[in-house]
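Student: Could you walk me through this model before I start working with it? I'd like to go from the overall layout to single residues.

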Amino acid sequence: MGRKKIELKTIECPKEKSSKYSKRKKGLLKKAEEMAVLCDSDRILLVFSPTSKPTLFYPHSRYS
């Protein structure tokens, strides 16, 4: 049995938007870390918050 396709739409409630953003950002950071470890590669992640504040994530160098 397959999954249903969900409709993507903008979240209007600021409180809900902030909550979703925080959870999704944490998931993206985890995926970037996993990919770097599995593929032995460097990574950088730039995410803009709903308030247009950028979050730049780059971990410590493997060689330091």
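Tutor: One term is needed before we start, since a residue is called buried here when its relative accessible area is under 20% and exposed when that area is over 50%, with partly exposed in between. Please also keep in mind that this is a predicted model.

Student: Okay, with that cut-off, which residues of helix 1 are buried?

Tutor: The buried residues of helix 1 are Tyr21, Ala32 and Ala36. For the spacing of such positions, recall that an α-helix has 3.6 residues a turn, so residues three or four places apart point the same way.

Student: And how many residues does helix 1 have?

Tutor: Helix 1 has 26 residues, and from its first C-alpha to its last it reaches 37 Å, which is close to the 38 Å expected at 1.5 Å a residue.

Student: What else is there in the protein chain besides the helix, and in which pattern?

Tutor: The protein chain contains one helix and two strands, and along the sequence these follow the pattern α-β-β.

Student: How much of the chain counts as buried?

Tutor: Of the 64 residues in the protein chain, 9% count as buried. The accessible surface of the chain comes to about 6400 Å², with 58% of that belonging to carbon and sulfur atoms. As for contacts between residues at least 6 apart in sequence, 28% of them join residues at least 24 apart.

Student: Which residues make up the nonpolar patch on the surface?

Tutor: That patch is formed by Ile44, Leu46, Phe48 and Leu56, which together have about 450 Å² of accessible area. Phe48 is found in strand 1, which covers residues 45-48, and Phe48 counts as exposed because its relative accessible area is 53%, over the 50% cut-off.

Student: Switching topic, how many salt bridges does the structure hold?

Tutor: The structure holds one salt bridge, in which the side chains of Arg43 and Glu33 meet at 2.9 Å, N to O. Arg43 lies in the loop between helix 1 and strand 1 whereas Glu33 is in helix 1, so the pair ties together parts that are 10 residues apart in sequence.

Student: Which residues is Met35 in contact with, if I leave aside its neighbours within four places in sequence?

Tutor: Once those neighbours are left aside, Met35 is in contact with Asp40 and Ser41. Met35 itself lies in helix 1, residues 14-39, and at 54% relative accessibility Met35 counts as exposed.

Student: Last one, how many disulfides does a search of the whole structure find?

Tutor: The search finds zero disulfides.

Notes
Residues are numbered from 1 along each chain as its sequence is written. This is a predicted model: local features need pLDDT of at least 70, side-chain atom pairs count only at pLDDT 80 or more; totals for chains, interfaces and linings use all residues. Side-chain values use heavy atoms; hydrogens and water are left out. Helices (H or I, at least four residues) and strands (E, at least two) are DSSP runs, numbered from the N terminus. Buried means under 20% relative accessible area, exposed over 50%, partly exposed in between (1.4 Å probe, protein chains only). Contact means heavy atoms within 4.5 Å. The expected span of a helix is 1.5 Å times one less than its number of residues. Accessible areas come from the Shrake-Rupley method with a 1.4 Å probe; for residues, only the protein chains shown count as cover. Patches are made of residues with over 30% relative accessible area and no salt bridge: like charges are joined within 9 Å, nonpolar side chains (Val, Leu, Ile, Met, Phe, Trp, Tyr) within 5 Å. A salt bridge is a side-chain nitrogen of Lys or Arg within 4 Å of a carboxyl oxygen of Asp or Glu. A disulfide is a pair of cysteine sulfur atoms within 2.5 Å.
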